[in-house]
Amino acid sequence: MKAAIMGYGTIGSGVAKVLEENAAVISRRAGEPIELKWVLDLRDFSGDPIQPKIVHDYKKIVYDPEVKLVVETMGGVEPAYTFVKAMLTHGKHVATSNKALVAAKGAELIQIAADNHVNFMFEASVGGGIPIIRPILKCVTGDVLEKVYGIVNGTTNYMLTKMAADGADYSSVLKEAQDLGYAEKDPTADVEGFDAARKIAILTSLVAGRQVDYEDIPTEGISHVTPEDMKYAEAGGKKIKLIATMDASGDSYFVRVAPFVVSPESPLFAVDDVMNAIMIHGNMLGDAMFYGSGAGSLPTASAVVGDLVEECRHVMRHVDFDWDPVKLPLKDPADQAYRFFIRAARSKEDISAAFGTVSFIENVIDGEVGFVTEMISERDFEEKKKDFGDVISAIRVLD
């Protein structure tokens, strides 16, 4: 079975390495060897053994009848969408790690694949090396999934871990993450939560069977989290994590990405550094957690190659996904209720008068008080905060 890779960057080169080093086991599990024939990239790689396979025009792959499997690891929506669509319409199976592409065009590409009796698979687009899509679609199909939530961005998890451990501020930890290669030169997608929003949009779309646009998901990043917030969390024996959440409610879902205060009772409490973890809660299963490397060349490449093997096993049959392109309206986020951790420079009496029964966290920062509210809707919280007027910071609590 001849294969091609589009994009020879971190993930694409990892896929080539996995195909080469694990060739024997891949052949046994796929039913035949998978041989890399072409690699599409704008660059040349003089002196690299991959150079004879480099092509610069995607049509070289499109019109090669030998190539049946294509990996897309270019990133972004365009030109990836154009290239992937061309591959599918010409009868080639595609596997991708590209969450931007899947979030924006997943339902459409699944339909194009079905129309052409091929497969479009994207296990690596959400959890990197963590299997999550196939377990949701195949292993818990007898369950109603009521919750999906987790830490799905390694960059921000590393930064929050370092801020908590070292007492460092956001800017210095961001620079360190960039120096180590964990954060991009432009880190906006990670630190402002957009990467996590795309991933939870994909998972919610698969759970719901309808299109969920990540732009509709209320999203907050970590740029406003301070060392002072971390001190309060530590004083209460807790941590602050960037969490993507999906909660079933009636015929739709509450979906959100934001920093949350996490207690030791949560399995997510121990997920530190660049590691990721995704929790699911089924009405029959209860809780299950998928934990591991959510990014990186070889972990992500392993998931991509897993899709290639699956496509080899179904080379003559389309594997369908329950993902209708009709958009699903999400629940009004203002109706969702949380407990809130709040810092304020006011007296305990004023705080109790404004927020009712609260749990105080005292003697952490001079001149202010920390407290945790009881459950309150987002709408009511915003009204109380506006009337109160002296909130220094507010972070939701994961219950």
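Q: Buried means under 20% relative accessible area, exposed means over 50%, and partly exposed lies in between. What relative accessible area does Arg379 have?

A: This is a predicted model, so the value describes the prediction. Arg379 has a relative accessible area of 34% and is partly exposed.

Q: Which residue forms a salt bridge with Arg379?

A: Start with the general idea. Side chains of opposite charge can pair when their charged atoms come close. In this structure, the partner of Arg379 is Asp335, and their closest N and O atoms are 2.6 Å apart. The two sit in distant parts of the chain, 44 residues apart. Asp335 is in the loop between strand 13 (324–327) and strand 14 (337–344), while Arg379 is in helix 15. Asp335 is partly exposed too, at 42%.

Q: How many salt bridges does the structure hold?

A: The total is 30. One of them joins Glu66 to Lys37, with the closest N and O atoms 2.6 Å apart. That pair also links distant parts of the chain, at a separation of 29 residues. Glu66 lies in the loop between helix 3 (59–62) and strand 4 (67–72), and Lys37 lies in strand 2 (residues 35–40). Glu66 is partly exposed, with a relative accessible area of 42%.

Q: Now Arg256. Which residue does Arg256 form a salt bridge with?

A: Glu378 is the partner, and the closest N and O atoms are 3.7 Å apart. Arg256 belongs to strand 10 (residues 252–262) and Glu378 to helix 15 (residues 378–388), so the bridge ties together parts 122 residues apart in sequence.

Q: Is Arg256 buried or exposed?

A: Buried. Its relative accessible area is 5%, under the 20% cut-off. Glu378 is buried as well, at 7%.

Q: Turn to the nonpolar core. Which residues touch the most other members of the largest one?

A: The largest nonpolar core has 86 residues, and Ile61, Phe120 and Phe122 touch the most other members. Take Phe122. Setting aside residues up to four places away in sequence, Phe122 touches several residues, including Ile110, Ile202, Phe321 and Trp323. Asp307 and Thr96 are also among the residues it touches. Another core, of 28 residues, lies apart from the largest one. Its members include Ala3, Ile26, Leu69 and Ala303.

Q: Where is Met159 found?

A: Met159 is in helix 8 (residues 154–166). Met159 counts as buried because its relative accessibility is 0%. Beyond its neighbours within four places in sequence, Met159 contacts Tyr170, Val173, Leu174, Ala177, Val191 and Ile222. For a sense of scale, its C-alpha atom is 30 Å from that of Gly389, which is 230 residues away along the chain.

Q: Last, helix packing. At roughly what angle do the axes of helix 1 and helix 13 cross?

A: Read the distance, the angle, the handedness and then the contact residues. The axes of helix 1 (residues 10–21) and helix 13 (residues 297–313) come within 8 Å and cross at roughly 65°. The crossing is right-handed. Helix 1 contributes residues such as Ile11, Gly14, Val15 and Val18, and helix 13 contributes Leu298, Ala301, Val305 and Leu308, among others. The contact residues divide into 9 nonpolar, 6 polar and 1 charged.

Key. Residues are numbered from 1 along each chain as its sequence is written. This is a predicted model: local features need pLDDT of at least 70, side-chain atom pairs count only at pLDDT 80 or more; totals for chains, interfaces and linings use all residues. Side-chain values use heavy atoms; hydrogens and water are left out. A salt bridge is a side-chain nitrogen of Lys or Arg within 4 Å of a carboxyl oxygen of Asp or Glu. Helices (H or I, at least four residues) and strands (E, at least two) are DSSP runs, numbered from the N terminus. Buried means under 20% relative accessible area, exposed over 50%, partly exposed in between (1.4 Å probe, protein chains only). A nonpolar core is a set of buried Ala, Val, Leu, Ile, Met, Phe, Trp, Tyr and Cys residues joined through side-chain atoms within 4.5 Å. Contact means heavy atoms within 4.5 Å. Axes are lines fitted to C-alpha atoms, for helices over the stretch in contact, and angles run from 0 to 180 degrees between N-to-C directions. A crossing is left-handed if the near helix is turned anticlockwise from the far one by less than a right angle, and right-handed if clockwise. Ala, Val, Leu, Ile, Met, Phe, Trp, Tyr, Cys and Pro count as nonpolar, Asp, Glu, Lys and Arg as charged, and the others, Gly among them, as polar.
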